[in-house]
Amino acid sequence: VQEFSLTYAGYAWTFKSPFTLEGYSDGRQYHTRNAALQACGAQARCVGVTKEADRRFRLNHHATVYPQKGRSVWIQGGEVVTGGDYTWSTLKGRTLTGYVNNVVYKTRTAALEACAKNAGCKGVTREGESNYRLNSSGTTKTSKTSVSYTKSNALSIMSDYYWTKVSGLMYKDNRSNKKFKDLDSASEACAKDVHCSGITATANVFVLGKGTDLRSKPDSTVYVQGSLHTETYYITH
């Protein structure tokens with residue numbers, strides 16, 4: 001099972017494979033992941049995207065995932081914020097449970113940075129004005145006046161894009177046989193290539209990947225390309 005978070009179209013998305021979602025929110029088929037995520041983010045009834053086959057992505061309105069070989073899903077989370085080199089999924093009217101410590105942080109930035117450095121911290125809750133607490137559980141419960149920020153994957157901003165860093169995986173297909181000596185040059189090349197979807201790093205060698213299929217490789221790390229971090233998205237629902 002593969003699972004990680006991705007930043008795209010102003011939202012945090014949870015990638016899961018091999019799983020599928022059910023119920024179509026529209027009648028269209030999308031040829032790329034990015035087009036499907038963009039469309040889903042703009043639809044009030046869409047809760048996620050399923051890759052059913054190569055160049056066939058569908059928008060779904062049921063959030064329950066079911067195991068299915070050969071399929072992958074992206075489940076829409078809350079509006080995304082960044083801090084402490086992580087992405088955080090925002091949920092208004094929800095609070096996380098369990099406290100990491102007794103410290104009350106006055107700003108969201110300070111709280112997110114503190115949580116990012118603490119392996120036992122799963123997220124941050126804004127409990128009131130200038131009142132942010134670190135939480136030890138990713139479970140949420142209703143609280144009308146609270147806002148929760150759930151920690152996702154490690155995040156990098158390179159070549160004007162968001163990149164999710166995930167250890168133990170590699171791209172199934174390479175964009176080319178070209179090898180790069182550093183992450184910066186690889187991310188710059190990927191950002192300029194519309195067919196590049198990320199980077200595989202193995203023993204300080206960096207190769208561009210294509211498509212969305214990943215496979216396990218303990219000594220490798222993937223950097224999955226998200227959206228431009230300079231883009232502005234207007235969330236309407």
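Cys190 and Cys196 form a disulfide, with their sulfur atoms 2.0 Å apart; a disulfide is here a pair of cysteine sulfur atoms within 2.5 Å. The link of Cys190 and Cys196 is left-handed, with -100 degrees about the S-S bond. Cys190 has 0% relative accessibility and counts as buried, and Cys196 is buried with a relative accessible area of 4%. The term buried denotes under 20% relative accessible area, exposed over 50%, and partly exposed the range in between (1.4 Å probe, protein chains only). The model is a predicted one, in which local features need pLDDT of at least 70 and side-chain atom pairs count only at pLDDT 80 or more, whereas totals for chains, interfaces and linings use all residues. Residues are numbered from 1 along each chain as its sequence is written, and side-chain values use heavy atoms, with hydrogens and water left out.

By the sulfur distance rule, the count comes to 3 disulfides. With bonded cysteines counted along the chain, the disulfides follow the pattern 1-2, 3-4, 5-6. Cys40 and Cys46 form a disulfide in which the sulfur atoms are 2.1 Å apart. The torsion about the S-S bond of Cys40 and Cys46 is about -100 degrees, so this disulfide is left-handed. Cys40 counts as buried at 0% relative accessibility, and Cys46 is buried with a relative accessible area of 3%. Cys115 and Cys121 form a disulfide as well, their sulfur atoms lying 2.0 Å apart. Here the torsion about the S-S bond is about -105 degrees, and the disulfide of Cys115 and Cys121 is therefore left-handed. Cys115 is buried at 0% relative accessibility, as is Cys121 at 1%.

Helices (H or I, at least four residues) and strands (E, at least two) are DSSP runs, numbered from the N terminus. Cys190 is one of the buried residues of helix α3 (residues 183-191), together with Leu183, Ala186 and Ser187. Seen down the axis of α3, the buried residues fall within an arc of 95 degrees, so they line one face of the helix; the arc is that of the directions from the helix axis to the C-beta atoms. The cover over these buried residues includes strands β10 (140-158), β11 (161-180), β12 (198-202) and β13, where contact means heavy atoms within 4.5 Å.

Gly78 lies in strand β6. This glycine is buried, with a relative accessible area of 7%. Residues up to four places away in sequence not being counted, Gly78 touches Gly10, Tyr11, Ala12, Ser89 and Thr90. Gly78 and His62 are 16 residues apart in sequence, and the C-alpha to C-alpha separation of Gly78 and His62 is 16 Å.
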